[in-house]
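Good morning, and thank you for coming. I would ask you to look at the sequence and the structure together while I speak.

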Protein chains: 2
Amino acid sequence: MPEYSIGVDLGGTNLRAAAISAGGEVLARISGRAQLSAGRDAVIGDMVNAIVKLRDQEVGTAHTLAGIGMGVPGFILIEKGIIVGSNNMPAFEGYALRDDMERRLGTTVVLENDANAAALGEKWMGAGKDVDDLVLLTLGTGIGGGIICGGKVLHGHVGMAGEMGHMTVVPDGNPCGCGNRGCLEKHASATAISGMAKVIGLGADLTSEQVYNLAVAGDEKAKRIFEAMGRYLGVALATLVNIFNFPLYLLSGGPLPAWEFFAPAMLEEARWRSFTFRHAETKVEKAILGNEAGLFGAAYLPLLERKG
Amino acid sequence: MPEYSIGVDLGGTNLRAAAISAGGEVLARISGRAQLSAGRDAVIGDMVNAIVKLRDQEVGTAHTLAGIGMGVPGFILIEKGIIVGSNNMPAFEGYALRDDMERRLGTTVVLENDANAAALGEKWMGAGKDVDDLVLLTLGTGIGGGIICGGKVLHGHVGMAGEMGHMTVVPDGNPCGCGNRGCLEKHASATAISGMAKVIGLGADLTSEQVYNLAVAGDEKAKRIFEAMGRYLGVALATLVNIFNFPLYLLSGGPLPAWEFFAPAMLEEARWRSFTFRHAETKVEKAILGNEAGLFGAAYLPLLERKG
C-alpha cells in the first residue's frame with residue numbers, strides 16, 4: 001500500500017493539517033483557527049481531531065500512515081520532543097508535546113520548528129527540489145530561517161540552529177529584543193520596512209505591503225527603503241555563502257512581491273562581498289510554496305525519518 | 001592486522017608526513033621543506049618518496065594501510081580531486097593531483113583543504129574529540145577555518161565552504177583582497193594585529209608576536225589592539241553560533257598565546273550578540289594540536305572514508 005503522512009502546521013493564528021502522499025500529492029486537508037487563547041488542551045484536542053479526521057475519514061485504509069509531522073513556533077528540544085522559548089505559545093513551554101501526541105494517536109510523531117519545516121518543505125516539493133543543501137530566509141515580523149544540509153534540517157546541538165535573523169549585519173545598528181544590535185531582522189524584515197518608512201517620513205503606520213504599493217507607484221522614498229533592505233540582506237547572504245557554499249538560498253514571506261525593488265541591491269551586495277558567490281554557481285531565488293511550505297515540510301518529517 | 005593511514009600536510013614552507021594508527025598513535029613521521037620553487041614534479045616526487053619511505057621502511061607489514069590523506073592549500077574540487085585557486089601553489093592549479101598520486105602509490109588518496117583538515121584533526125584527536133560538530137578558526141596571515149558537521153567536513157557544493165575569514169564583520173571596514181570590505185581576517189588576523197599596531201603608532205613593522213610581547217610588558221596600546229581584535233572575533237562568533245548552534249568553536253594560530261588579552265572581549269561580544277550563546281551551552285576554546293592538526297586530519301581522511 002502506498003505510504004502517506006500527515007503534516008500539521010500550528011501557527012499563531014492558523015492551524016492547518018494535510019494528508020500528503022509519499023510522492024508529495026495532497027490527499028486531503030483541513031484548516032481552522034489556532035485557539036491559543038482557549039488553552040493548551042483545546043489546541044491539542046483540535047490537532048488530534050484534525051489528524052484523526054484526515055486519517056480515518058478522508059484517507060481511510062487505501063494508504064499506510066508513516067507518521068505525523070508537526071511544525072510549531074519556538075525552539076524544539078529535538079531529542080525530547082519538547083517546545084521551549086515559544087513566545088506565541090507560552091502554555092506549551094516545556095510540555096512533552098510529542099510524547100503526548102504519540103500516546104493519543106498511536107503513531108510516530110516528529111516535532112520541528114516551523115521555519116525549519118518550511119525549509120524542508122521547499123527542499124522536498126518546492127524551489128529546492130533539485131538540491132540537498134539550501135538556506136531559507138523567511139521575511140516576516142522577524143526573519144526566521146532554516147538550513148537544509150545533506151537533505152536534512154541542521155539542528156545544532158540543542159535545536160537552536162538557523163537563527164539567521166539574528167546575524168549581525170550592522171554592528172551598531174538597531175537594537176533587537178534578543179539583546180544584540182544590528183540583527184538582520186531589525187533591518188530587513190517586514191517590520192524593518194515599516195520602521196524605515198516611519199523614520200524617512202513616508203508614513204507612521206505603513207505596512208510593508210503599503211510601502212511596496214508606494215514603490216510600485218513610483219515613490220522614491222519607498223524604493224530607497226527596499227534598496228536599503230536589499231543591501232542588508234546582501235550582507236547576510238554574502239556571509240552565508242562564504243560559510244556554506246551551498247548552491248541555493250531561498251527567500252519567502254510577505255515582502256517577496258517587492259523582489260524587483262530589493263533583489264538587485266541584494267544580489268549586487270552579495271556578489272561584491274563574497275568571492276564564493278562570484279566563483280561558485282550560487283542561486284538566490286524566491287521560495288515557491290508560500291505558507292504551504294511548513295505543511296509540506298511537516299509531512300515530510302516522518303517520511304524522512306523512515307529513510308534514516 | 002591493525003589499520004593505519006598516512007597523512008600529508010603540504011604547506012607553503014613545509015612538507016610533513018606521518019603514519020598514524022587508526023587509534024591516533026603516530027607510528028612514524030617525516031618533515032622537510034616544501035620545494036615549491038622547484039616545480040610541481042619535484043614536490044610530487046618528494047611527497048611520494050616520503051609516503052613510500054613511511055610505508056615500506058618505517059611501518060612495514062605489521063599494519064595495513066587504509067590510504068593516504070593530503071591537506072593542501074587552496075580550494076579542492078572534492079569529487080574530482082583537483083586543486084584550484086591556490087595562491088601558494090599555482091603549479092598545481094587544475095592538476096589532477098589525487099588521481100596522479102593514486103596511480104603512483106597504488107592506494108586510495110583523499111585530498112582536503114588544509115584548514116578543513118586541521119578542523120578534522122582537532123575533531124579526531126584534539127580539542128573536539130568529544131563532539132561531532134565544531135567550527136575551527138585559524139588565525140594567521142589571513143583567517144582560515146573548517147566546519148565539522150556530523151563528524152565530517154562541510155564542503156559545500158564545490159568545496160568552498162568554511163571561508164569564515166571573509167565573513168563581513170565591519171560593513172565599511174578595511175578593504176580585502178577578496179573584493180569585500182570589513183572581512184573578519186582584515187580585522188582579527190595576525191596581519192590585522194600588525195596593521196593596527198602601525199595605525200595606532202605602536203610600530204611600523206611589528207609582528208603580532210611583538211605586539212603580544214608589548215601587551216605582556218603592560219603596553220596599553222598593545223592591549224587595546226588585542227581587545228579590538230577580540231571584539232571582531234566576537235561579532236563573527238556570535239553570528240556563527242546563531243547559525244550553527246554547535247557546541248564548540250575552536251581557535252588556533254600564531255596569536256593564540258595572546259588569548260588572555262583578546263578572549264575576554266571576544267567572549268563578552270559573542271555573549272551579548274547571541275542569545276543562543278547565552279542559552280545553549282557553547283564553548284569557545286583553544287585548539288590543542290597546533291600545526292599538527294592538519295597532519296592528523298589528513299591521516300583521518302581515508303579512515304573516515306572507510307567508515308562511510
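In chain B, strand β8 (residues 134-139) and strand β9 (residues 143-149) run antiparallel and are joined by 6 bridges. Within that pair, Leu137(B) stands opposite Gly145(B) of β9(B). Two strands count as paired if DSSP finds at least two bridges between them.

Before I continue, a word on what is shown. This is a predicted model, in which local features need pLDDT of at least 70 and side-chain atom pairs count only at pLDDT 80 or more, while totals for chains, interfaces and linings use all residues. Residues are numbered from 1 along each chain as its sequence is written, and chains are lettered from A and ligands numbered from 1 in the order in which they are written.

To which sheet do β8 and β9 of chain B belong? They are part of an open sheet of 5 strands with mixed pairing, in the order β10-β9-β8-β11-β12. Its edge strands, each pairing on one side only, are β10 (152-153) and β12 (283-286) of chain B.

Chain B also has an open, mixed sheet of 5 strands in the order β3-β2-β1-β4-β7. From one strand to the next, the twist averages 15°. Angles of this kind run from 0 to 180 degrees between N-to-C directions, with axes taken as lines fitted to C-alpha atoms, for helices over the stretch in contact. Inside this sheet, strand β1 (residues 3-10) and strand β4 (residues 64-72) of chain B pair in the parallel sense over 6 bridges. Asp9(B) has Gly71(B) as its bridge partner in β4(B). Helix α2 (residues 97-105) of chain B packs on the sheet and touches β4 and β7 of chain B, and its direction makes about 150° with that of β7(B). Contact, throughout this talk, requires that the C-beta atoms of two residues, placed from the backbone, lie within 7 Å.

Let us turn to a helix. Which residues of helix α5 (residues 190-199) of chain B are buried? They are Ala190(B), Ala192(B), Ile193(B), Ser194(B), Met196(B) and Ala197(B). A residue is called buried if 20 or more other C-beta atoms, placed from the backbone, lie within 10 Å of its own, exposed if 12 or fewer do, and partly exposed in between. The buried residues of α5(B) pack against β8, α4 (185-188), α6 (208-216), α7 and β11 of chain B. After α5(B) comes Gly201(B), with a positive phi near 85°.

Most residues other than glycine have a negative phi. Asn245(B), however, has a positive phi of about 50°. Its place is in the loop between α7 (220-244) and β11 (248-253) of chain B. Asn245(B) counts as buried because 25 C-beta neighbours lie inside 10 Å. In chain A, Asn245(A) likewise has a positive phi, near 50°.

I move on to the division of chain A. Domain 1 covers 3-121 + 293-307 and domain 2 covers 129-288, with bounds from an automatic or database domain assignment. Taken over C-alpha atoms, the centres of these two domains of chain A are separated by 28 Å. Between them, 12 residues of domain 1 are in contact with 17 residues of domain 2. On the domain 1 side, β5 (75-77), α3 (114-125) and α10 (293-307) of chain A each supply at least two residues. The largest share of that side, 5 residues, comes from α3(A).

Finally, the two chains. How many residues of chain A are in contact with chain B? There are 31, and they meet 31 residues of chain B. On the chain A side, α7 (220-244), α8 (259-273) and α9 (275-279) each give two or more residues, and α7(A) gives the most, with 6 residues. By class, this side of chain A has 18 nonpolar, 10 polar and 3 charged residues. Ala, Val, Leu, Ile, Met, Phe, Trp, Tyr, Cys and Pro count as nonpolar, Asp, Glu, Lys and Arg as charged, and the others, Gly among them, as polar.

Chain A is superposed on chain B by a rotation of 180° with 0.0 Å of shift along its axis, at an RMSD of 0.0 Å. The two copies are therefore related as by a two-fold rotation axis. The superposition is by least squares on the C-alpha atoms of residues with pLDDT of at least 70 in both copies. The same surface serves both copies, as 100% of the contact residues of chain A recur in chain B.

Conventions:
Helix = DSSP H or I, 4+ residues; strand = E, 2+ residues; numbered from the N terminus.
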